[in-house]
Amino acid sequence: MKKNKRPSGKTGSLKLDKQSIVILSFLAVVVLGIIGYNLYKSTPPSAWVTEDEVLPRNKVCMVNNTYLGVQQIEVPVNGKMYYGCCEMCVTTLNQKPESRYAIDPFSGEKVDKSMAFIYLNPDSKYGGVLYFESTENFQAFSELNDSNTN
């Protein structure tokens, strides 16, 4: 009776063929993609810009006063362009003139949102915005806030 001999060579080594390598590589890419997508979705759009950056008007819902980071629905009213995130906001901008204006937090003056300089509200965690008459008003507001926090 013959005893089976083990093949000579290293024991415990793993040998993969090309198909296994391709499958494992594909699975790794899928897992990394899922992780990346979840990180992307969990990051608010306000994290994509700095607090001293003028925000593009077309990425701000002017009813919710929130920077959403994507193109909003155009709402032309009296030759001016406003932006809303949904049909309800479009209706509000069309029917309620007060929704098209904000108060400049530095000067206290009424500002037309279609002409305003829009910045992130430093007190908002989720993309809230402030509307200013000018970049100078924003700078003065920022300096005032900085001196009050120090």
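Which backbone oxygen lies 3.0 Å from a polar atom of the side chain of Thr66? Hold that thought for a moment, and hello, everyone.

A word on what we have here. This is a predicted model, where local features need pLDDT of at least 70 and side-chain atom pairs count only at pLDDT 80 or more, while totals for chains, interfaces and linings use all residues. Residues are numbered from 1 along each chain as its sequence is written, and side-chain values use heavy atoms, with hydrogens and water left out.

Let's begin with the overall layout. The chain has three helices and eight strands; helices (H or I, at least four residues) and strands (E, at least two) are DSSP runs, numbered from the N terminus. Reading from the N terminus, their order is α-β-β-β-β-α-β-β-β-β-α. Of the 150 residues in the chain, 28% are buried. Buried means under 20% relative accessible area, exposed means over 50%, and partly exposed is in between, using a 1.4 Å probe and protein chains only.

The oxygen belongs to the backbone of Asn64. That pair is a polar contact: N or O atoms within 3.5 Å, where within protein one must be able to donate a hydrogen and the other to accept it, and residues adjacent in sequence count only if both atoms are side-chain atoms. Thr66 itself sits in strand β2, residues 66-67, and counts as buried at 17% relative accessibility. Leaving aside neighbours within four places in sequence, Thr66 is in contact (heavy atoms within 4.5 Å) with residues including Lys59, Cys61, Tyr126 and Val129.

Asn65 is not a glycine, yet its phi is positive, about 55°. Why mention that? Most residues other than glycine have a negative phi. Asn78, in the loop between β3 and β4, also is not a glycine and has a positive phi, of about 50°. Asn65 is partly exposed at 25% relative accessibility, whereas Asn78 is exposed at 72%.

Next, please find Arg57, in the loop between α1 (18-42) and β1. Its side chain reaches the backbone oxygen of Met115 at 3.2 Å. Arg57 also touches Met62, Tyr83 and Ile118, among others, not counting residues up to four places away in sequence. At 30% relative accessibility, Arg57 is partly exposed.

What about charged pairs? Side chains of opposite charge can pair when their charged atoms come close. The structure holds one salt bridge, meaning a side-chain nitrogen of Lys or Arg within 4 Å of a carboxyl oxygen of Asp or Glu. Asp112 and Lys80 form it, with their closest N and O atoms 2.8 Å apart. Asp112 is in strand β6 (residues 110-112) and Lys80 in strand β4, so the pair ties together parts that are 32 residues apart in sequence. Asp112 is buried, at 10%, while Lys80 is partly exposed, at 32%.

Last stop: the inside. A nonpolar core is a set of buried Ala, Val, Leu, Ile, Met, Phe, Trp, Tyr and Cys residues joined through side-chain atoms within 4.5 Å. The largest one has 18 residues, and those touching the most other members include Leu55, Val60, Met62 and Tyr131. Elements giving two or more residues to this core are β3 (73-77), β4 (80-84), α2 (87-95), β7 (117-120) and β8 (129-132). Apart from it lies another core of five residues, among them Tyr119 and Phe141.
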